[in-house]
Amino acid sequence: MFEKPLPQIEKGDFYFNEEGLMVFTAQYHLKRGYCCKNICLNCPWDYKREKHKTKK
């Protein structure tokens with residue numbers, strides 16, 4: 001199976017968290033065009049994310 005090449009990383013595609021780790025933004029994930037199923041923090045597809053229940 002052939003995967004398409006990853007898009008070039010540009011400004012706004014990532015940030016560094018408090019631990020110094022690079023975190024991709026939803027902008028980058030959408031440019032990539034598919035879910036990698038790694039439960040990414042900013043996954044626009046909400047892969048295996050718990051939905052937060054709101055209090056009424």
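## Two salt bridges

Let's start with charge: the count of salt bridges here comes to two. Keep in mind as you read that this is a predicted model. Side chains of opposite charge can pair when their charged atoms come close.

One of these pairs joins E10 to K31, with 3.4 Å between the closest N and O atoms. E10 lies in the segment before β1 (14-16) while K31 sits in helix α1, so this pair ties together parts that are 21 residues apart in sequence. The side chains of D13 and K31 also meet in a salt bridge, at 2.7 Å from N to O. D13 belongs to the segment before β1 and K31 to helix α1, so here the parts tied together are 18 residues apart in sequence.

How buried or exposed is each member? D13 has a relative accessible area of 0%, so D13 is buried. E10, at 46%, is partly exposed, and K31 is partly exposed too, with 34% relative accessibility.

Now move along to T25, which is placed in the loop between β2 (22-24) and α1 (26-32). Is T25 buried or exposed? Its relative accessible area is 15%, and because buried means under 20%, T25 counts as buried.

Which residues does T25 touch, leaving aside those up to four places away in sequence? They are G12, D13, F14, Y15 and N42.

## A nonpolar patch on the surface

On the surface you can find a nonpolar patch formed by I9, F16 and M22. Together, these residues have about 300 Å² of accessible area.

M22 is found in strand β2. With a relative accessible area of 40%, M22 is partly exposed.

## Cysteines without disulfides

How many disulfides does the model have? The count comes to zero. C40 is in no disulfide, and its nearest cysteine sulfur, that of C36, is 3.6 Å away.

C43 itself counts as buried, at 9% relative accessibility.

Definitions and conventions. Residues are numbered from 1 along each chain as its sequence is written. This is a predicted model: local features need pLDDT of at least 70, side-chain atom pairs count only at pLDDT 80 or more; totals for chains, interfaces and linings use all residues. Side-chain values use heavy atoms; hydrogens and water are left out. Helices (H or I, at least four residues) and strands (E, at least two) are DSSP runs, numbered from the N terminus. Buried means under 20% relative accessible area, exposed over 50%, partly exposed in between (1.4 Å probe, protein chains only). Contact means heavy atoms within 4.5 Å. Patches are made of residues with over 30% relative accessible area and no salt bridge: like charges are joined within 9 Å, nonpolar side chains (Val, Leu, Ile, Met, Phe, Trp, Tyr) within 5 Å. Accessible areas come from the Shrake-Rupley method with a 1.4 Å probe; for residues, only the protein chains shown count as cover. A salt bridge is a side-chain nitrogen of Lys or Arg within 4 Å of a carboxyl oxygen of Asp or Glu. A disulfide is a pair of cysteine sulfur atoms within 2.5 Å.
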